[in-house]
Amino acid sequence: MHTRRRGSSGSDKPTADEPPEWSDVDPEKIEERVVELAEQGYDPSQIGIKLRDEGVTGTPVPDVKLATGKKVSEILEENDAKSDVPEDLRNLMERAVRLREHVNENPQDYQNKRALQNTESKVRRLVDYYRGKELEPDFTYTYDVAKQILEA
């Protein structure tokens, strides 16, 4: 929406109904590892990458949902390890705060002023989407609120 590109082309994830034969990891061990990684401060996407690369007890986990039947975020929600702000919104807020600080130091940087406007617009649209679902019904985005959330 905010770039000149016309879309992205790439490969799709292969469709599979069950985990591969070489991945014989116990779903309970996967869930324990997911909660353990969340307690160490990893985001759900980082947890998936760690499980893919390192695995559980030496065996890589190609897809958590195929192995356990639940998404990483669902596992975290069941074990009360879910963060209070969704990961995609947190990442956009981090970018907006970083851009705001840069623009305050460099007021003539018009490209980053525009990037800040675009990023804050994305944040507001995402807040509208999550409001009432994962955020409080009266939540509104401001720079100060984002800074407080990121510091916590």
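Mentor: What follows is a set of questions on terms, each answered by setting a value against its definition.

Mentor: This is a predicted model, in which local features need pLDDT of at least 70 and side-chain atom pairs count only at pLDDT 80 or more, while totals for chains, interfaces and linings use all residues. Residues are numbered from 1 along each chain as its sequence is written, and side-chain values use heavy atoms, with hydrogens and water left out.

Trainee: Why is Ile75 called buried?

Mentor: Buried means under 20% relative accessible area, exposed over 50%, and partly exposed in between, with a 1.4 Å probe and protein chains only. Ile75 has a relative accessible area of 0%, and therefore counts as buried. Ile75 is found in helix H4, where helices (H or I, at least four residues) and strands (E, at least two) are DSSP runs numbered from the N terminus. Leaving aside neighbours within four places in sequence, Ile75 is in contact (heavy atoms within 4.5 Å) with Glu31, Val34, Val35, Val64, Thr68 and Lys70.

Trainee: What makes Arg95 partly exposed, and which residues does Arg95 contact beyond its neighbours within four places in sequence?

Mentor: The relative accessible area of Arg95 is 39%, so Arg95 is classed as partly exposed. Arg95 belongs to helix H5, and beyond those neighbours Arg95 is in contact with Ala115 and Thr119.

Trainee: Is Asp80 buried or exposed, and what is its phi?

Mentor: Asp80 has 73% relative accessibility and so counts as exposed; Asp80 sits in the loop between helix H4 (72-78) and H5. The phi of Asp80 is near 55 degrees, a positive value in a residue other than glycine. Most residues other than glycine have a negative phi.

Trainee: How do you know that H5 is roughly antiparallel to H6?

Mentor: Two packed helices are described by the angle between their axes and the distance between the axes. Axes are lines fitted to C-alpha atoms, for helices over the stretch in contact, and angles run from 0 to 180 degrees between N-to-C directions. Angles under 35 degrees count as roughly parallel, over 145 as roughly antiparallel, 65 to 115 as roughly perpendicular and the rest as oblique. The axes of H5 and H6 come within 9 Å and cross at roughly 150 degrees, which makes H5 roughly antiparallel to H6. Residues of this contact include Leu89, Met93 and Arg95 of H5 and Val123 and Val127 of H6.

Trainee: What makes a nonpolar core, and how many residues has the largest one here?

Mentor: A nonpolar core is a set of buried Ala, Val, Leu, Ile, Met, Phe, Trp, Tyr and Cys residues joined through side-chain atoms within 4.5 Å. The largest has 16 residues, and those with the most contacts inside it include Leu89, Met93 and Phe139. Helix H5 (87-105), helix H6 (110-130) and helix H7 (143-151) each give two or more residues to this core, and H5 gives the most, with five residues. A second, separate core of 15 residues includes Val35, Val56, Val64 and Ala67.
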